[in-house]
Amino acid sequence: MKDSNDPVEPGKAADKAAGKAVGGAKGPDELRQQIQETRGQLGDTVEELAAKADVKARARARGAELKGKASEAGHAVQDKATEAGHVVQGKAVEAGHVVQDKAVQAGHVVQDKAVQAGHVVQDKAVQAGHAVQDNVPQPVRTAVTNAVQAGKRHPRPVLIAGAGVVVAAGLLRRRHNGHH
């Protein structure tokens with residue numbers, strides 16, 4: 001059978017039948033057979049012409065074909081977009097890990113420097129404490145030690161005496177600076 005898109009040559013089947021008929025039939029049976037073949041060929045030709053004439057059906061078929069192609073193209077684009085999204089997400093996670101690692105490393109560096117600075121300050125305080133302790137006469141050290149121990153046993157009198165010392169020091173300072 002012919003493709004429905006091939007051009008139809010009207011009268012081709014009739015010409016064939018006429019060509020056989022021109023040769024003449026040898027009898028009524030052969031003539032009946034030629035008529036039957038001609039009818040079949042004419043039927044095929046009519047079907048082909050009807051298919052070509054049915055513009056609506058051809059437009060529907062072409063529309064369905066184009067719709068299928070558009071759907072395939074849409075799925076392909078969607079698949080590529082999904083794949084690109086996964087790639088971007090993976091790269092973002094990777095970059096986040098890199099930033100997190102660098103932040104942790106920087107935190108460790110800062111912590112190490114803070115510990116080192118703390119040790120330096122502690123060492124200087126110990127040295128200053130030793131220098132003061134070494135320069136204070138023994139009787140004063142003993143008196144301070146006894147006062148601290150007494151203050152631990154009886155804190156109220158020590159607090160009162162301490163307040164008195166602060167007031168006396170303030171008065172001496174004012175007098176020394178020229179205020180009466």
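Here is a walk through this structure, from the overall layout down to a few side chains.

First, some ground rules: this is a predicted model, in which local features need pLDDT of at least 70 and side-chain atom pairs count only at pLDDT 80 or more, while totals for chains, interfaces and linings use all residues. Residues are numbered from 1 along each chain as its sequence is written, and side-chain values use heavy atoms, with hydrogens and water left out.

Let's start with the overall picture. The chain has five helices and zero strands, where helices (H or I, at least four residues) and strands (E, at least two) are DSSP runs numbered from the N terminus. Follow the sequence along and you get the pattern α-α-α-α-α. Of the 180 residues in the chain, 4% are buried; buried means under 20% relative accessible area, exposed means over 50%, and partly exposed is in between (1.4 Å probe, protein chains only). The accessible surface of the chain comes to about 15,300 Å², and 62% of that belongs to carbon and sulfur atoms. Those areas come from the Shrake-Rupley method with a 1.4 Å probe, and for residues only the protein chains shown count as cover. As for contacts (heavy atoms within 4.5 Å), take those with a separation of 6 or more: residues 24 or more positions apart account for 53% of them.

Now to helix H2, which covers residues 28-53. Its 26 residues should span 38 Å at 1.5 Å a residue, and its end C-alpha atoms are 37 Å apart, which agrees. The expected span here is 1.5 Å times one less than the number of residues. The buried residues of H2 are Gln34, Thr38, Thr45, Glu48 and Lys52.

As a rule, an α-helix has 3.6 residues a turn, so residues three or four places apart point the same way.

Move on to helix H3 (residues 55-135), where Glu65 and Arg62 are also three residues apart, and so about one helical turn. They form a salt bridge with the closest N and O atoms 2.9 Å apart. Glu65 counts as partly exposed, at 39% relative accessibility, and Arg62 is partly exposed too, at 43%. Glu65 has another partner: Lys69, with a closest N and O distance of 3.6 Å. Glu65 and Lys69 are four residues apart in H3, so again about one helical turn separates them.

Next comes helix H4 (residues 138-153), the place of Val140. Val140, Val144 and Val148 form a nonpolar patch on the surface, with about 230 Å² of accessible area together. Patches are made of residues with over 30% relative accessible area and no salt bridge, joining like charges within 9 Å and nonpolar side chains (Val, Leu, Ile, Met, Phe, Trp, Tyr) within 5 Å. Val140 itself is partly exposed, with a relative accessible area of 42%.

Last stop: helix H5 (residues 155-176). Its 22 residues reach 31 Å from first C-alpha to last, close to the 32 Å expected at 1.5 Å a residue. After H5 comes Gly178, whose phi is positive, near 100°.

Technical notes. A salt bridge is a side-chain nitrogen of Lys or Arg within 4 Å of a carboxyl oxygen of Asp or Glu.
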